[in-house]
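I opened the file to look up a few things and write them down as I went. The notes follow in the order in which I made them.

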Amino acid sequence: GTVTIGIDDIELATSHHVVRLDDFAEANGTDPNKFRLGLGQDEFSFPAPDEDVVTMAAAAAAPIIQRSGTEGIRTLLFATESGIDQSKAAGMAVHSLLDLPSQMRVVEFKEACYSATAALQAAVGIVTRSPGQRVLVIASDVARYELDTPGEPTQGAGAVAMLVSADPKLLEIEPVSGLNSADVDDFWRPNDSTTAIVDGALSVTAYLDALTGAWSDLAAQGGPAIAEIDRVLYHQPFTKMAKKAQVHLAGLTGEDLDTEIVEGAGDAGAADAGTAAANSAAASGPAAAAGADNSVATGPRDTGLATSTLYNRRLGNSYTASLYAGLCSLLDHDEDLAGKRIGLFSYGSGSVGEFFTARVVPGYAEHSHRQAVTEALDARVPLSIDAYRALHAAEFSSADDVSTPKVTAGPFRFAGIKGRARHYERA
Ligand code: CAA
């Protein structure tokens with residue numbers, strides 16, 4: 001039969017520190033519900049001085065390499081919009097930290113939060129040509145906005161590593177995509193700035209316009225109808241944005257889709273959120289409705305909005321990794337995905353939107369990382385708002401020779417800068 005190609009393995013990693021939005025609200029004199037309900041965010045990950053996109057990327061990819069070795073891996077595609085160099089690919093440092101073979105190509109992809117999807121599609125292309133090869137795709141980002149701007153509570157940090165292969169264990173990527181590109185200044189980062197510049201209101205409409213364009217192109221390309229898509233994942237700059245996108249897609253298609261995210265999970269609730277979402281998904285799902293009184297209206301269709309937003313509420317925005325962190329959250333919390341079709345909407349400001357679909361491979365649930373991810377999120381060390389602000393303001397210049405303080409508990413660290421070059425080591 002035809003060779004299926006897709007995601008064989010996936011891992012999520014994040015930073016050493018966390019900022020709690022309740023603390024942030026208190027320090028700013030803001031109602032905490034502005035963040036919990038208004039943005040759908042509880043916390044954001046924040047890197048220690050000895051962490052960056054390379055250390056998170058290596059931490060995400062290491063367990064994949066440990067499990068399956070390097071055989072057939074001849075390509076490493078690194079997607080980021082918070083790169084560490086204008087010329088050299090950040091993936092080169094990951095290649096070194098993981099002792100990957102020298103018989104490889106290593107390259108960086110950029111188009112805001114979208115580029116991991118471009119990397120994934122390029123990986124599928126390589127494996128289509130050479131089904132014996134496997135491609136390591138890593139999305140890693142640190143989302144930074146200026147202090148005291150509306151974007152600040154939507155910061156975050158995280159990396160997702162994916163192994164793309166033939167006959168994958170998790171997800172078979174289907175061939176049809178809906179695409180939309182439009183030159184728009186909604187969000188960008190000039191070469192001389194470490195923080196992004198954003199027109200918040202425009203970025204939200206640009207995102208929704210890209211969804212409209214990509215969805216209609218999917219139909220024009222002969223892609224599946226909404227009724228043939230069981231779950232839908234969105235890029236999540238903040239989880240409320242996924243809800244806005246879902247409402248928008250419901251409007252475009254006329255389909256009654258679920259629009260509930262788990263709101264106001266709370267501190268203790270962070271651990272309970274999975275259960276809460278699972279309960280709410282079960283309660284509103286077709287099975288629950290069918291098992292109950294038939295006269296009760298069935299309500300909206302459960303497409304996984306609640307289960308796919310659980311990790312991101314705690315990670316914050318991880319830019320290129322965000323959609324795939326949503327995928328991790330869905331795979332780890334939805335117990336009924338075998339054979340189901342997932343629609344994935346990837347958005348990158350500037351802008352590109354892509355809507356593509358994938359089938360979940362039966363047996364996927366044996367590879368759940370729920371415990372490990374939850375432990376990693378719980379293990380982050382909270383920063384006081386004063387400490388966070390000081391860390392945010394402190395930036396290394398590439399012109400200074402520096403050794404970074406040893407802070408991270410992660411497996412890899414950014415050791416410092418010497419002769420204007422960045423150095424990394426195993427922690
Ligand atoms: N209780 C409950 N809800 C409250 C509240 C309270 N006390 N106070 C405010 N809210 C609600 C508001 O009603 C609003 O809800 P709706 O969006 O449903 O209208 C929500 O909180 C946000 O409040 P504001 O409208 O006042 O907006 P803001 O000043 O907080 O800014 C933002 C929001 C523009 C998204 C800002 O966070 C931002 O600039 N973020 C960075 C850009 C971004 O993430 N854009 C997303 C699309 S672009 C993209 O996706 C690429 C990417 O990754 C950047």
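**Contacts of one residue**

I began with Asn-312 and set aside its neighbours within four places in sequence; the residues in contact with Asn-312 are then Gln-236, Thr-239, Ser-322, Ala-325, Gly-326 and Ser-329. I note here that the model is a predicted one. Asn-312 sits in helix 11, which spans residues 310-315. Is Asn-312 buried or exposed? I counted 31 other C-beta atoms within 10 Å, and because the cut-off for buried is 20 or more, Asn-312 is buried. I also checked Asn-312 against Gly-40: the C-alpha atoms of the two are 9.2 Å apart in space, while 272 residues separate them in sequence.

**Around the ligand**

Next I listed the shell around the ligand. There are 24 residues around the ligand, and those that come nearest are Asn-33, Gly-38, Gly-200, Ser-203 and Pro-237. Which helices each supply at least two residues of this shell? I found helix 2 (33-39) and helix 6 (200-220). Helix 2 gives the largest share, five residues. Sorted by class, the shell around the ligand holds 13 nonpolar, nine polar and two charged residues.

**Strand 1 and its partners**

I then followed strand 1, residues 5-13. Strand 1 is mostly covered, with nine of its nine residues buried. Strand 1 runs antiparallel to strand 7 (residues 156-166), and eight bridges join the two. Within that pairing I picked out Asp-9, whose bridge partner in strand 7 is Leu-163. Strand 1 also pairs with strand 8 (residues 171-181), again in the antiparallel sense, over two bridges. There I noted Ile-7 opposite Leu-171 of strand 8.

From strand 8 I went on to strand 13 (residues 352-360). These two pair in the antiparallel sense over eight bridges. Gly-178 has Phe-355 in strand 13 as its bridge partner.

I looked up a separate entry, an open sheet of three strands in the order 3-2-14, with mixed pairing. Why is one side of strand 3 and of strand 14 left without a neighbour in the sheet? Strand 3 (43-46) and strand 14 (381-382) stand at the edges and each has a single partner strand, so one side of each has no neighbour there. Strand 2 (residues 17-20) runs parallel to strand 14, with two bridges joining them. In this pairing His-17 stands opposite Val-381 of strand 14.

**Nonpolar core**

I went through the largest nonpolar core, which has 117 residues; Ala-57, Ile-138 and Val-160 touch the most other members. Helix 3 (residues 53-68) supplies the largest share of this core, 10 residues.

**Annotated range**

Last, I checked the record. An unreviewed UniProt entry carries the annotation "domain: Hydroxymethylglutaryl-coenzyme A synthase N-terminal" over residues 5-167. Over residues 5-167 I get 33% helix and 31% strand. The end C-alpha atoms of this range are 6 Å apart.

Conventions. Residues are numbered from 1 along each chain as its sequence is written. This is a predicted model: local features need pLDDT of at least 70, side-chain atom pairs count only at pLDDT 80 or more; totals for chains, interfaces and linings use all residues. A residue is near a molecule or strand if its C-beta atom, placed from the backbone, lies within 6 Å of it. Helices (H or I, at least four residues) and strands (E, at least two) are DSSP runs, numbered from the N terminus. Ala, Val, Leu, Ile, Met, Phe, Trp, Tyr, Cys and Pro count as nonpolar, Asp, Glu, Lys and Arg as charged, and the others, Gly among them, as polar. A residue is buried if 20 or more other C-beta atoms lie within 10 Å of its own, exposed if 12 or fewer, and partly exposed in between; C-beta atoms are placed from the backbone. Two strands pair if DSSP finds at least two bridges between them. UniProt positions are given in the numbering used here, feature names are shortened, and annotations may be inferred rather than shown by experiment. Two residues are in contact if their C-beta atoms, placed from the backbone, lie within 7 Å. A nonpolar core is a set of buried Ala, Val, Leu, Ile, Met, Phe, Trp, Tyr and Cys residues joined through C-beta atoms within 7 Å.
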